[in-house]
Amino acid sequence: MPNDLLTQLTHDARLWQAGQWRDYQCAAIATEYPALDALLAGQGWPLGGLTELLCDTPGIGELRLLMPALARLSQQPRWQLWITPPFVPFAPALQAHGIQLDRVLIIHARQTKAQLWTAEQALRSGCLVLCWPGRLNTAELRRLQLAAKAGDSCGFLFRSSRAAQEHSPAVLRIKLQPHRDGLHLQLLKRRGGWPVDALIPLHALASTGHPSTLPQASVIQGPWPPPAVSPTH
Amino acid sequence: MLWLYLHFTHLPIDLLERGTETRRPLALHLPGQSRVQWLNQLAADAGVLPGQRLNTAHCLCPELAIQSYAPERSLCALRELAQWAGRYSGFISLAGDNGLWLEVGTMRRLFGGLPGLYDPLSQDLQNQGLRFHAALGYTPLAARWLARHAHLDAPSEDAQRMLTQLRQLPLDASDIDPQLQEKMQRMGLHTLGQLLDLPKAELAPRFGQPLIQMLNQLMGTLPHPLPAYQPPAIFERRLDFISEISTLAQILFALRKLLVELMGWLRTQLCGTDQLQLTLYHRDGPPTHCTCGTAQAEYRDSEFLALARLQLEQPALRESLAERPICGIRLRVEQRQSLAESQTELFRHPGQETQKHAQLIARLQAKLGPQAVQQLAIRDDYRPEHAWNYQAPRSLQAGTCPPPAGHHSLRPLWLLATPLPLHHTTRQLLQGPERLCSGWWDNHPVMRDYYVARLGSQQAWIFRDEHNRWFIHGWFA
């Protein structure tokens with residue numbers, strides 16, 4: 001029945017009407033950033049699908065964007081696999097963000113093929129996956145997307161912003177750009193909506209607040225001359 | 001108690017012949033003796049008889065193959081059979097060098113009646129190429145004597161019928177001392193029934209107390225304790241190939257056979273194992289060892305095979321296989337773990353998820369190596385490079401840890417393994433300094449002032465050491 005098919009498609013948010021996309025129900029994990037939740041179908045990171053995060057430089061807040069969701073998911077007994085991270089995930093900082101470290105597995109795999117194999121296995125088993133792969137072709141991405149769908153799990157791929165030009169079967173694609181007041185998000189693709197831009201106020205370096213507002217007392221000056229605290233050095 | 005006795009009528013011949021296709025006359029002698037001890041049908045047709053001198057036998061049948069046969073081989077084969085029989089019975093005992101007792105009374109409900117137990121068992125034995133007699137009895141001796149006399153086609157539990165059959169047994173089917181048997185024959189006693197009808201008080205002075213005890217054990221009035229067969233604590237099997245093999249498929253084919261045996265071994269003990277040791281033997285050079293580990297105790301051959309395949313598919317191993325074909329494999333399991341507590345739940349339970357996750361870790365470790373899968377742990381140290389370390393993954397536990405001890409200072413999510421010299425000209429210090437002076441006791445002293453800084457668009461964790469050099473140590477990702 002064509003009508004049933006239409007209902008089904010709209011129900012899954014694969015087909016959406018411009019006026020009402022917000023009403024569709026999809027499984028998601030809240031990002032805990034209201035400005036971003038409001039833009040995503042299901043008000044959160046999509047479950048059962050890949051999310052691509054495109055950024056070129058480290059240290060712009062790309063991980064802090066995920067931290068609230070990861071911290072809440074780490075309360076559940078499921079693994080969070082970090083597959084070949086580019087740097088060492090600093091355990092004290094992860095813990096300070098509320099992540100239970102015994103849920104985190106770090107996978108060291110040098111070859112892209114092994115990384116993708118691991119990601120696919122983990123997604124199929126319902127684990128959460130953070131992956132930093134090299135160049136991927138559409139077939140590989142589709143395999144991961146299908147694995148995430150089969151395991152009803154959540155996969156985050158960190159890719160170079162050059163990939164923005166390529167086609168991708170990922171459910172959500174976000175280009176991350178640094179901004180003076182936080183993180184500028186360019187939602188290239190999302191469920192039930194057209195591309196849109198967003199600004200996430202990420203000025204807090206951690207949950208403790210803005211660095212400039214932190215007290216600087218109890219700092220002992222060293223035996224060597226203190227650095228000139230000036231904007232340029 | 002109901003006993004099934006398996007009497008292997010031609011065990012030495014069957015053991016030697018089961019692997020070969022072409023039949024030829026065969027005679028076996030004990031090492032150091034020159035008389036025929038066992039022979040096959042073809043040799044018997046040619047006129048060879050047990051007890052004949054080997055020279056005579058050779059003259060009668062020139063194409064006769066003569067082999068020396070140590071009786072320990074039968075015993076060894078019998079132990080293997082006892083291990084195999086563990087899937088049918090919980091209590092097994094070896095009898096001499098050609099028989100097995102199986103206690104089947106307690107097992108028949110599991111198999112849905114005696115035929116359900118006996119039919120697959122006899123089918124298995126026939127597939128193994130072993131000829132045997134089987135009989136049931138309510139005492140071990142009754143089963144043994146009945147089996148030695150005649151084969152049982154369909155098992156029957158009828159005690160009355162069993163007794164009738166027992167009474168009709170000739171005396172030479174029994175374990176009675178041959179000298180006593182001869183004495184009885186001369187007295188006109190030919191069947192067991194005639195012997196049993198005589199008053200015991202009269203028998204004892206004539207034939208001695210041991211016979212009375214044996215008859216009492218036969219009728220079940222005296223207990224007959226049997227030593228239980230204990231499976232070995234270590235599983236070790238070796239398969240040697242006639243020709244060298246070098247492809248993965250061939251190895252896996254052979255390995256599957258061993259793993260099925262292993263599954264039988266583990267199942268008889270209600271155990272699982274989490275480590276397999278696989279050794280590949282080459283014609284020359286040292287053997288290759290590999291170890292397959294599972295994250296939790298496992299017994300199924302399919303799981304082990306999948307893990308072994310991942311292990312053997314590793315490129316380094318495959319290349320070495322191409323250069324050095326193997327001529328044998330060995331499977332060894334040293335540690336067993338009880339499987340009693342891990343039973344399947346009727347309803348979906350969080351434990352199932354844990355098991356799935358444990359299997360995932362086992363797969364990852366088999367494919368990538370145990371060092372490639374690690375967890376993070378916190379160490380009590382102020383120095384960032386020593387404040388964490390990797391550790392082997394522990395099993396996933398439901399429930400939550402206590403909340404983390406509050407870290408008062410800001411720490412970056414990315415830490416650089418080695419600090420990067422900083423040549424940035426435009427750095428904006430946002431917070432700091434935080435002074436870390438520590439580690440004078442273990443030869444890694446640090447004297448650093450840490451700052452949170454903005455480098456262009458990035459936020460970094462930088463420090464200045466005592467020589468006034470600047471380094472990046474982390475990114476606030």
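Which side chains meet in a salt bridge at 2.7 Å, N to O? Hi everyone, the pair to look at is Arg167(B) and Asp197(B). By salt bridge I mean a side-chain nitrogen of Lys or Arg within 4 Å of a carboxyl oxygen of Asp or Glu.

Some housekeeping before we go on. This is a predicted model, where local features need pLDDT of at least 70, side-chain atom pairs count only at pLDDT 80 or more, and totals for chains, interfaces and linings use all residues. Residues are numbered from 1 along each chain as its sequence is written, chains are lettered from A and ligands numbered from 1 in the order in which they are written, and side-chain values use heavy atoms, with hydrogens and water left out.

Back to our opening pair, Arg167(B) with Asp197(B). Arg167(B) sits in helix H7 (residues 159–167) of chain B and Asp197(B) in helix H9 (residues 192–197) of that chain, so this bridge ties together parts that are 30 residues apart in sequence. Helices here are DSSP runs of H or I with at least four residues, strands are runs of E with at least two, and both are numbered from the N terminus. Asp197(B) is exposed, at 53% relative accessible area, while Arg167(B) is partly exposed at 30%. For those words, buried is under 20% relative accessible area, exposed is over 50%, and partly exposed is in between, with a 1.4 Å probe and protein chains only.

Now over to chain A. Glu52(A) and Arg173(A) form a salt bridge, with 3.0 Å between the closest N and O atoms. Why is this one worth a look in sequence terms? Glu52(A) belongs to strand S3 (residues 49–54) and Arg173(A) to strand S9 (residues 172–179), so the pair links parts that are 121 residues apart in sequence. Both Glu52(A) and Arg173(A) are buried.

One more pair in chain B: Glu298(B) bridges to Arg300(B), at 2.9 Å between the closest N and O atoms. Glu298(B) is buried at 7%, and Arg300(B) is partly exposed at 32%. As for networks, shared partners join Glu52(A), Arg135(A), Arg159(A), Glu166(A) and Arg173(A) into one. Searching the whole structure gives 26 salt bridges over all chains.

To finish, chain B as a whole. The chain has 15 helices and 19 strands, and 45% of its 477 residues are buried. Taking contacts as heavy atoms within 4.5 Å, 58% of those with a separation of 6 or more are between residues 24 or more positions apart. Thanks, everyone!
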